[in-house]
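Dear colleague,

Please find below the structure that I promised to hand over. My notes on it follow, grouped by topic, and I would be glad if you read them with the model open beside you.

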Amino acid sequence: MSRYWLILTFLLVVMIEISPTIAQDDERSRLWLMDASQRPLGVFTLQEGILYGAQGQFIFKMPLYGTRAYTIVAKTPISGAVVDIEVELDSSQVVALTEKGVYRFDADTLELRNFIAGGGTTLDVHNNYWAVASHEMGIRIYEGQNLLKILTLGDAFDVQWLNDEQLAVADRINGLQFITDVPSEMPSSMIGIKKIVMDASNLYALDEHHVITLSTSSLSQPQEIGFYAPVHQPLHLLDVNEWRIIADENDGIKVYDQDWHYYNSQNNSPSLNVAIDPTGRWLFNMRSRQLEIYNARRLPNLVLDTTIPLWANPHRVRFTTDGLALVTLQEGGIAVLDLEKRQVVRALPFSGPVVDVLPMSAAWAVLQGDGRLLFIGYDPKNPSDVSVYADLDVAGQPYQLARDGELLLVASGRAGLHVFDMKNIRSPFLLDTLPAYTNIKAIEVVSAGWLIQDGQQLRLYSPEVQKWSIEQFVPNLLTMQFSSNGVYTINENEIAFWQLNGDQFVLKNTYQTIHQLTDIAAEQELVLLGSEHGAILLDMRRPRRLREYRIVAEGLGVIKHVSIHGKDLIISDGQQLIHFSLQHRGTDEIEFTELGRFVVEENSSTETFEIPISLVAKVPSSITVYAQVDQDIWLGTVDGQLWEVEPNTEEIVLRGQVPSSILNISSSADPSILLVSSGENGLFWFDRTNGQTIRRVEITTLDAVTDPSGKWLALARGRCGLQIYQADNMTLVASDQTGIVSEVSWDSEGIHVMLDGLSALYGFDPEMPMPQPSILLQPDHMTSNALHWRSSADGCVPVQYEVWINQKKIGTTAETLWPLLNAQSRQFTWSIVAVDAFGNRSQSGLWLFEGDQVGWLMRAQQYQLMMQKSSETETTMPVWFVGVGLLLLGILGLWMFVRFWQFQT
């Protein structure tokens, strides 16, 4: 048997060797866009009128008051982006956390005191204790520089000291945890908390949409004492006295006053719709398979009176004059509620989904989703007696019913608005149909006519003159809700309130919905929040009746970081800091005053220097660029002159000349060589010792600069984007064409460029794998003396084309054509291999070129769909050969098994 195993092993080895090579796609790149913005401001903290913050890979110190307010007075480089920063209790040390470790700086000078390896995602300092949270290593607790313990949790996201012995931890797996020596065994329902902060009174937990306030008086059993949940995904809205009640598709009903101040919310589950009974006593909240009834007279407090379980999701509530509430359940029919008893007294099934029901004087109009309009009689004193008076077909997609006297209006989507005459309830008939502008979904009868939602248009129709009187376009309009004094429009991002004023809609106010909360800070029961629509200050002194203040500053984008200390309040969008002062007016009102701003400048983390005016005057032509290389200053001019400022003097010396305006000057790996960029005339390697050009590369560039080591050269190539070369041999190693790149500079953060007119930051890692872009190749027109093909290469990255005829390489060209010799056969196969500057190879298909005795036929057709590789690359066998080999291997194995079985028997 040994020889059989030897044969089997040999075949396996052969199959492995000849099996096709499968390319693995690598999503990583050597060059990637990190931030399409100016050098970003990171986290920061306040301490007694001093702001300590992070900008890029720098820690900085900036006073908020005095003659140097909003000016960086100290700055220290740091390795890695800062993710959290704290000031120790005695204000003598600043502690910064990066992904690499914890840094400790002197608060006055920002001089580095010590470093502890091991980074994380968040840091909290309490007295002499530090707590560092990280996803991989749980919670690390330090006393000074000494590691005391490590607590391994599910996924630690944030940490907050409660006292010297207790921690609150936001764990994305186990929820909010309260920890002493070991993690608590009591799981928390607060899953998804991403940040926690505390003040002297309370603990505040932030997720993407809510702030939960917990009392810290009993940490063994934390008690929720407040909840902030602004409207996130509004569906419906109604006015109840001075309150606005909003159904939120994300997490329940919300209560606001008429000035859009948030007051309360119910956040147990999504709210599908809200309604108020005619007496104004009961507020109905429609939830999944149940109906909640609140006492409307207790608003803004949400006092639940009754919960009624239902057999399907409620859709809309209508009220009758005899004390009933009709709840449409779509596929579940209609539930009839007795308002006095607050219970279901009858279930009316229907053969199709019920969209709306409208009680009338002698009957109910029932609109079904399948296009049927029913008129039924119902007697609550005799609920088993249900009569059908009429059954009509309605064209289009039914949405809603409304009544205007003896007219019944049916909103039917694209089919328009159907108007039925209801003088005889037993034989109603279609009187007219108003055509839709786009899609009629909602209608309300008002004193001025019929208010209609038609697609993204608000339209007012006057039935007396039978004309459209007003139209108003509302972008992204989802639905409209009518109130006694106007109409609300709800779209994806905001709720707007309009009033009808004669022949126009007048916009009175808007409320911008908050889709995401980004950061939180707290002090003295004031909670400051960042969001994508400005900052929000919450007065938590009465957590069940908190007050909400919106802070929207001119020129700010999404608020990324916030901080509060005493009367100082700071908000930042990553590009600028705005400093506000808080003043209390009485017991309820808070006012804000903007005191100043700090705006990030271009290349602000690069060390700058000034050229004395006396030196500039000595240069005969306009200076286009100046650069500091080592301790020397070099100047470039518009006519291509290169000047050097003599060290320790005010003399300048002309060192060289290039053909056109100098755009940039930078160092190289060789300290005696300068790299000079001259736009369309390319790049010049300039010898500082003898003033001679030793090398030139003809490549068009708008800007060029080497990294601090002089090893890598970054080029701003305009529409060709950003390209990175090895400076010594000009080998292209990385390229990105996200947009038009016009300027470029290096520092410890990465590569800063002007991308489509805006500052952007790129990361570069030469250790990452080479990029592998593919080039699409197609045959073009044929002639009797040349092969032509089309290439998707755009000319930004140099490409060479290998020409293969009859599966043999016959030459290489940079053009997209290959001349044919007279001795060339009149029938052959041919293909093209594109090789870019990175060495990536893109293989075309195999094409057939035919000729006859009369002359060349000008056609190229696909010969095979398989890809051929040249003899210079790794040889692989076709897939079909592997399949046949595996089949033979299986047959051999089966034969060996049979022989072995025969031998045994």
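**Salt bridges**

The side chains of Glu594 and Arg597 meet in a salt bridge, with 2.7 Å from N to O, where a salt bridge is taken as a side-chain nitrogen of Lys or Arg within 4 Å of a carboxyl oxygen of Asp or Glu. Glu594 counts as partly exposed at 38% relative accessibility, and Arg597 is also partly exposed, with a relative accessible area of 27%; here buried means under 20% relative accessible area, exposed means over 50%, and partly exposed lies in between, for a 1.4 Å probe and protein chains only.

Before going further, please note that this is a predicted model, in which local features need pLDDT of at least 70 and side-chain atom pairs count only at pLDDT 80 or more, whereas totals for chains, interfaces and linings use all residues. Residues are numbered from 1 along each chain as its sequence is written, and side-chain values use heavy atoms, with hydrogens and water left out.

The structure holds 17 salt bridges. One of them joins the side chains of Asp106 and Arg113 at 3.1 Å, N to O; Asp106 is buried, with a relative accessible area of 12%, while Arg113 is partly exposed at 46% relative accessibility. Another is formed by Asp356 with Arg316, whose closest N and O atoms are 3.7 Å apart. This pair links distant parts of the chain, with Asp356 in strand β33 (residues 354–359) and Arg316 in strand β29 (residues 316–319), 40 residues apart. Both Asp356 and Arg316 are buried, and together with Arg318 they are linked in a network of salt bridges.

**Buried strands and their hairpins**

Strands are DSSP runs of E with at least two residues, numbered from the N terminus, and two strands pair if DSSP finds at least two bridges between them. In strand β66 (residues 712–716), five of the five residues are buried, so the strand is largely enclosed by the rest of the structure. Both of its faces are covered, with Trp712, Ala714 and Ala716 on one side and Leu713 and Leu715 on the other. Strand β65 (residues 703–706) runs antiparallel to β66 and is joined to it by four bridges, with Leu713 as the bridge partner of Thr706. Five residues lie between these two strands in their hairpin, where Gly710 takes a positive phi near 80 degrees. On β66 there is also an antiparallel pairing with strand β67 (residues 722–726), over five bridges, in which Trp712 stands opposite Gln726. The hairpin of β66 and β67 likewise has five residues between the strands, and Gly718 takes a positive phi near 65 degrees there.

Strand β53 (residues 561–565) is also largely enclosed by the rest of the structure, because five of its five residues are buried. His561, Ser563 and His565 cover one side, and Val562 and Ile564 the other. β53 pairs with strand β54 (residues 568–572) in the antiparallel sense over five bridges, and His561 has Ser572 as its bridge partner. The two strands form a hairpin with two residues between them, and Gly566 in the turn has a positive phi of about 65 degrees.

**The disulfide**

With a disulfide taken as a pair of cysteine sulfur atoms within 2.5 Å, the count comes to one. Cys720 and Cys796 form it, with their sulfur atoms 2.0 Å apart. The pair links distant parts of the chain, since Cys720 lies in the loop between β66 and β67 and Cys796 in the loop between β73 (786–791) and β74 (799–805), 76 residues apart. The torsion about the S-S bond is about -75 degrees, so the disulfide is left-handed, and both cysteines are buried.

**A three-stranded sheet**

An open sheet of three strands has the order β14-β15-β16, with antiparallel pairing. β14 (156–161) and β16 (175–179) stand at the edges with a single partner strand each, so one side of each is left without a neighbour in the sheet. Five bridges join β14 to β15 (residues 167–171), and Gln160 stands opposite Ala168 in β15.

With kind regards
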